[in-house]
Amino acid sequence: MKIICIGRNYAEHAAEMNAELPTVPVFFLKPDTALLRENTFYLPDFTQDLHYECELVVKINKMGKHIMPEFASNYYSHVSLGIDFTARDLQNECKSKGLPWEIAKAFDNSAVVSDQWLPVQDFPIANLLFSFFQNGELKQEARGHQMLFSLDQLIAFVSKFITLKTGDLIFTGTPSGVGPVAIGDTLLGVLEGREMFKISVK
Ligand code: MG
């Protein structure tokens with residue numbers, strides 16, 4: 001199982017990162033060891049600026065390569081919500097040196113995924129409203145249609161380069177409002193009015 005993460009897929013987030021709008025999707029990977037297996041996240045000691053990025057997550061349910069956008073919807077059936085934890089200080093350092101991002105993005109427990117999944121048949125991705133609260137304060141909120149590249153476009157693009165397999169996860173990018181996490185925080189994700197995850201930071 002692999003975790004594919006899309007970068008810069010919401011215009012306002014690209015702007016807050018001082019990044020140009022991409023003309024093709026940007027993606028990177030996290031290994032399966034990045035999955036957080038409990039509701040507690042221990043702040044790693046290698047970063048002084050750990051950020052949350054709340055994102056819609058889709059699970060691939062069929063193997064595919066060179067998937068055409070018009071057939072992409074055959075390759076997933078459920079959507080969930082997660083966090084792409086990011087060591088922003090390390091990421092900025094990597095970016096400035098033109099280096100890969102793995103130390104900033106792919107570390108253990110950097111991928112939160114709710115164990116609840118909503119069927120896209122009943123919850124079309126474009127219509128989904130998701131919200132992220134830090135200590136009860138709303139920090140991020142967006143609808144699926146605000147993505148710069150739709151999920152089907154993303155699947156088409158990624159599968160040109162990498163075979164998608166059953167169980168792979170796609171993090172579809174974060175909207176604006178990202179920010180730092182501190183010990184003692186409670187991080188809550190809500191999708192269509194449902195509490196999807198509640199993470200304690202220690
Ligand atoms: Mg992200």
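This is a predicted model: local features need pLDDT of at least 70, side-chain atom pairs count only at pLDDT 80 or more; totals for chains, interfaces and linings use all residues.
Figure 1. Searching the whole structure turns up one cavity of 30 Å³ or more, and the space inside the largest cavity comes to about 150 Å³. Which element gives the most to the lining of the largest cavity? That's α2, with three residues. Helix α2 spans residues 88–97, and β1 and β2 also supply at least two lining residues each. In total 19 residues line the largest cavity, and Gly 7, Arg 8, His 13, Gln 91 and Trp 101 lie nearest its centre. By type, the lining splits into six nonpolar, six polar and seven charged residues.

**Figure 2. The magnesium ion and the residues holding on to it.** Here you can see the magnesium ion coordinated by Glu 53 (OE), Glu 55 (OE) and Asp 84 (OD), at 2.0 to 2.1 Å. Read along the chain, these donors follow the spacing E-x1-E-x28-D. Glu 55 sits in strand β5 while Asp 84 sits in strand β6, so this pair ties together parts that are 29 residues apart in sequence. Are Glu 55 and Asp 84 buried or exposed? Both are buried.

**Figure 3. Helix α4 and the strands it packs against.** This helix runs from residue 151 to 161, and its buried residues are Leu 151, Leu 154, Ile 155, Ala 156, Phe 157, Val 158 and Ser 159. What do they pack against? The partners are β1 (3–7), β2 (26–30), β5 (54–60), β6 (76–84) and β12 (169–171).

Figure 4. In soluble globular proteins, nonpolar side chains tend to be buried together. The largest nonpolar core here has 47 residues, and the ones touching the most other members are Leu 56, Phe 85, Ile 125, Ile 155 and Phe 197. Helix α4 is among the elements giving two or more residues to this core, and so are β4 (50–52), β10 (129–134) and β14 (186–191). There's also a second, separate core of twelve residues, including Ala 34, Cys 94, Ala 111 and Leu 169.

**Figure 5. The largest pocket.** About 220 Å³ of space lies in this pocket. It has 14 lining residues, and Asn 39, Val 113, Ser 114, Asp 115 and Phe 197 are the closest to its centre. Strand β15 gives the most to the lining, with five residues, while β8 (111–113) supplies at least two. Sort the lining by type and you get six nonpolar, three polar and five charged residues.

Figure 6. Start with Gln 134, which is found in strand β10. Its relative accessible area is 10%, below the 20% cut-off, so Gln 134 is buried. Leaving out residues up to four places away in sequence, Gln 134 touches Tyr 52, Lys 139, Pro 180, Val 181, Asp 185, Thr 186 and Leu 187. Now look at Phe 71, in the loop between β5 and β6. Phe 71 has a relative accessible area of 45%, which falls between 20% and 50%, so this residue is partly exposed. Phe 71 and Leu 21 are 50 residues apart in sequence, and their C-alpha atoms are 26 Å apart in space.

Methods:
Residues are numbered from 1 along each chain as its sequence is written. Side-chain values use heavy atoms; hydrogens and water are left out. Buried means under 20% relative accessible area, exposed over 50%, partly exposed in between (1.4 Å probe, protein chains only). Helices (H or I, at least four residues) and strands (E, at least two) are DSSP runs, numbered from the N terminus. Contact means heavy atoms within 4.5 Å. Donors are N, O and S atoms within 2.8 Å of the metal (3.2 Å for Na, K and Ca); water is not among the atoms, so sites may look incomplete. A nonpolar core is a set of buried Ala, Val, Leu, Ile, Met, Phe, Trp, Tyr and Cys residues joined through side-chain atoms within 4.5 Å. On a 1 Å grid over the protein atoms alone, a cavity is a set of points where a 1.4 Å probe fits but cannot get out, and a pocket is an open set with protein on both sides within 12 Å along at least five of seven lines; lining residues have an atom within 4 Å of a point. Grid points are joined across faces, edges and corners, and a volume is the space filled by probe spheres set on the points. Ala, Val, Leu, Ile, Met, Phe, Trp, Tyr, Cys and Pro count as nonpolar, Asp, Glu, Lys and Arg as charged, and the others, Gly among them, as polar.
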